[in-house]
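User: Could we go through the charged side-chain contacts here? Please start with one pair and move on from there.

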Amino acid sequence: MNTYKRHRFPPGIISYSVWLYYRFNLSHRDIEDLLAERGITVTRETIRLWCIKFGAIYTHRVRRRHKGYGDTFYIDEVFVKIRGKQHYLWRAVDQDGEVVDVYLQARRDGAAAKRFFMRLLRSHGSEPRKIVTDKLRSYGVAHRELIPEAIHSTNQYENNRAERLHEATRARERGMRRFKSTRQAQRFLSAHAAVSNLFSRP
């Protein structure tokens with residue numbers, strides 16, 4: 001199946017635009033201007049639609065070709081405000097700095113932690129050898145019920161690896177003038193994580 005069928009612009013321009021959006025802190029307007037400097041006239045609305053459609057397609061391709069994550073997960077959560085309501089972005093990173101998964105939820109209780117851990121187990125294919133979290137009790141609940149054999153560390157400062165990645169999320173959130181919906185936020189953050197993994201460094 002031709003992914004780019006019925007699109008007027010060449011695949012190279014589409015993929016370049018989507019890559020710019022998810023790789024750098026650029027708006028659709030910024031990308032419109034960058035393309036215009038190269039003599040390519042594309043509206044920001046067209047770029048927005050490309051990012052929605054092809055961001056999901058590229059994310060799926062990257063994950064399908066991924067060779068696997070490490071055996072240590074650094075897990076953390078950060079609040080994200082959407083339409084005035086507080087949500088929590090759960091994030092897991094392995095020891096090589098690759099994002100294993102991101103998941104937006106309305107709560108950060110034990111049930112929410114277990115949902116996120118189940119997603120991690122599905123994407124990883126096996127239990128991690130070790131998890132590193134803060135002292136939030138919800139993590140202990142999920143650990144005891146789902147992966148009791150894994151080492152669970154809550155040492156202070158050991159989880160900085162996951163916490164540092166929240167800064168990039170905050171920067172994009174400001175650039176986008178906050179996320180408009182949970183669906184939009186989840187879609188963007190999943191694609192952003194997949195693209196970031198291509199440039200991660202141990």
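User: Which residue does Arg119 form a salt bridge with?
Analyst: Arg119 pairs with Asp101, their closest N and O atoms being 2.8 Å apart. A salt bridge here is a side-chain nitrogen of Lys or Arg within 4 Å of a carboxyl oxygen of Asp or Glu. The pair links distant parts of the chain, with Arg119 in helix H4 and Asp101 in strand E3, 18 residues apart. Helices (H or I, at least four residues) and strands (E, at least two) are DSSP runs, numbered from the N terminus.

User: Is Asp101 buried or exposed?
Analyst: Asp101 is buried, at 5% relative accessible area, and Arg119 is partly exposed at 22%. Buried means under 20%, exposed over 50%, and partly exposed in between (1.4 Å probe, protein chains only).

User: What kind of model is this, and how are residues numbered?
Analyst: The model is predicted: local features need pLDDT of at least 70 and side-chain atom pairs pLDDT 80 or more, whereas totals for chains, interfaces and linings use all residues. Residues are numbered from 1 along each chain as its sequence is written, and side-chain values use heavy atoms, without hydrogens and water.

User: How many salt bridges does the structure hold?
Analyst: There are 6, including one between Arg108 and Glu77 (3.1 Å, N to O). Arg108 lies in the loop between strand E3 (99-105) and helix H4 (110-124) and Glu77 in strand E1 (residues 72-82), so this bridge ties together parts 31 residues apart in sequence.

User: How accessible is Glu77?
Analyst: Glu77 is buried, at 9% relative accessibility, while Arg108 is partly exposed at 37%.
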